[in-house]
Amino acid sequence: MIAGAVNSVAGGGTLITFPALLATGINPVMANATNAVALWPGQVSSLWGYRREIGASRSAILRLALPSLLGGILGAWLLLSTDPKTFERIVPFLILLATLLFTVQEPLARMQRGTLQPQPETAESPAAAKEEEPRSWLAITGFQFAVAIYGGYFGAGIGILMLAALGFMGFRNIHRMNGLKNLNALLINGIASILFIARGQIYWQEAGIMAIGSMIGGYSGAGVARRIGQRNVRRLIIAIGFVIALSLLAKQMGHRP
C-alpha cells in the first residue's frame, strides 16, 4: 500500500516492495520475479492516462517495442540463469544503483524542463501532432535494448533511464515521453513476467497481496503522500534505499570468513 501511494506521487515503489519480499525469507531471484508480476497490473492502469500521446507516437512505438521485448526476455533469462547465491551477493549493488538513479531523477528533470513542451497534443494543430524525430534512432534503439536487459533482470529505475535517453536524443514533449516510457516498461516487465510464470518462479499469494495493496495504496494513500509532499516522499525513499543497500552489504561482509 505504501509503494502504491509513493508511486502515484514520486515513483520508486520497487525500492520498498522488493526489500519487503526479501524480508519474508523468499530467495532473491523469486522475490524479484514475484515483484515484477505484482507490479504489472499497476503499470497497465498507469498506461491508460497516456493513451492519447501513445496513439500519436506510432513510429516510436514500432521502433522501440522490439528492443524492449528482446531485451526484457534476455534480462529475465539472465536472472533465471543466475545462481540465487550469486544474485543475493549483487542485490545490494542493484538496490544502490536504483537508489542513485532515483536520486538523480529530479536534477535530470530540471535540466530538461527548459526544453520540454508541457502542452499535450491537440487535434486542431497538425503541426503539434507531428511526431518528433530523435537525433539518432540507432542510438536510442541500442540504448533501449540495454535498458530492457536491465529491466528484465532487475527493473528498478528503468523509467528514469528511458526518460533521460528520450530527452537527450531529442524528444521534447514530456507527455509523449511518459507515454513511451510507460508502454515500454509494460512490454519489458510483461515479457519478463511471462518467462517467470512459465518457469514457476512466482509466489502467487504474495504477488496477489502486493497487487491489491498497491492498487489500494495508489488510490487511497496518494492523498496522504501528497500532503507529506513529493520532495519529502522522495527523500524518504532515497533514505530507505541507501539504508537497505548498506545494511545488506554489511550483512554480507559479516558472513564472510
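Author: Let us begin with helices: helices (H or I, at least four residues) and strands (E, at least two) are DSSP runs, numbered from the N terminus. Leu 74, for example, lies in helix α5. The model is a predicted one, in which local features need pLDDT of at least 70, side-chain atom pairs count only at pLDDT 80 or more, and totals for chains, interfaces and linings use all residues. Residues are numbered from 1 along each chain as its sequence is written, and side-chain values use heavy atoms, with hydrogens and water left out.

Reader: How many helices and strands does the chain have?

Author: The secondary structure comes to 13 helices and zero strands. Along the sequence the pattern reads α-α-α-α-α-α-α-α-α-α-α-α-α.

Reader: How is burial to be read, and what percentage of the residues in the chain is buried?

Author: Buried means under 20% relative accessible area, exposed over 50%, and partly exposed in between (1.4 Å probe, protein chains only). Of the 257 residues in the chain, 48% are buried. Accessible areas come from the Shrake-Rupley method with a 1.4 Å probe, and for residues only the protein chains shown count as cover. The accessible surface of the chain comes to about 12,900 Å², and 67% of this belongs to carbon and sulfur atoms.

Reader: Why is helix α9 described as largely enclosed by the rest of the structure?

Author: Helix α9 (residues 158-168) is largely enclosed because nine of its 11 residues are buried. Among them are Ile 160, Met 162, Leu 163 and Leu 166. Just after α9, Gly 170 takes a positive phi of about 120°.

Reader: How does one check the length of a helix, and what does α5 show?

Author: The expected span of a helix is 1.5 Å times one less than its number of residues. Helix α5 (residues 58-81) has 24 residues and should therefore span 34 Å; its end C-alpha atoms are 34 Å apart, which agrees. For helix α11 (residues 204-220), with 17 residues, the first and last C-alpha atoms are 24 Å apart, close to the 24 Å expected.

Reader: Where in α5 does a kink lie?

Author: The bend at a residue is the angle between axes fitted to the seven residues ending there and the seven starting there. In α5 a kink of about 30° lies at Leu 64, shortly before the proline Pro 67.

Reader: Which residues of α5 are buried, and which residues form the nonpolar patch on the surface?

Author: An α-helix has 3.6 residues a turn, so residues three or four places apart point the same way. The buried residues of α5 include Leu 64, Ser 68, Gly 71, Gly 72, Gly 75, Ala 76 and Leu 79. Like charges are joined within 9 Å, and nonpolar side chains (Val, Leu, Ile, Met, Phe, Trp, Tyr) within 5 Å. Here Leu 66, Leu 70, Ile 73, Leu 74, Trp 77, Leu 78 and Phe 145 form a nonpolar patch, with about 600 Å² of accessible area together. Helix α5 gives the most to this patch, with six residues. Leu 74 counts as partly exposed because its relative accessibility is 31%.

Reader: What percentage of contacts joins residues at least 24 apart in sequence?

Author: Among contacts between residues at least 6 apart in sequence, 84% join residues at least 24 apart. Pro 84, in helix α6, lies 57 residues along the chain from Asn 27, with their C-alpha atoms separated by 6.7 Å. Pro 84 touches Asn 27, Pro 28 and Val 29.

Definitions and conventions: Patch = residues over 30% accessible without salt bridge, like charges linked within 9 Å, V, L, I, M, F, W, Y side chains within 5 Å. Salt bridge = Lys/Arg side-chain N within 4 Å of Asp/Glu carboxyl O. Contact = heavy atoms within 4.5 Å.
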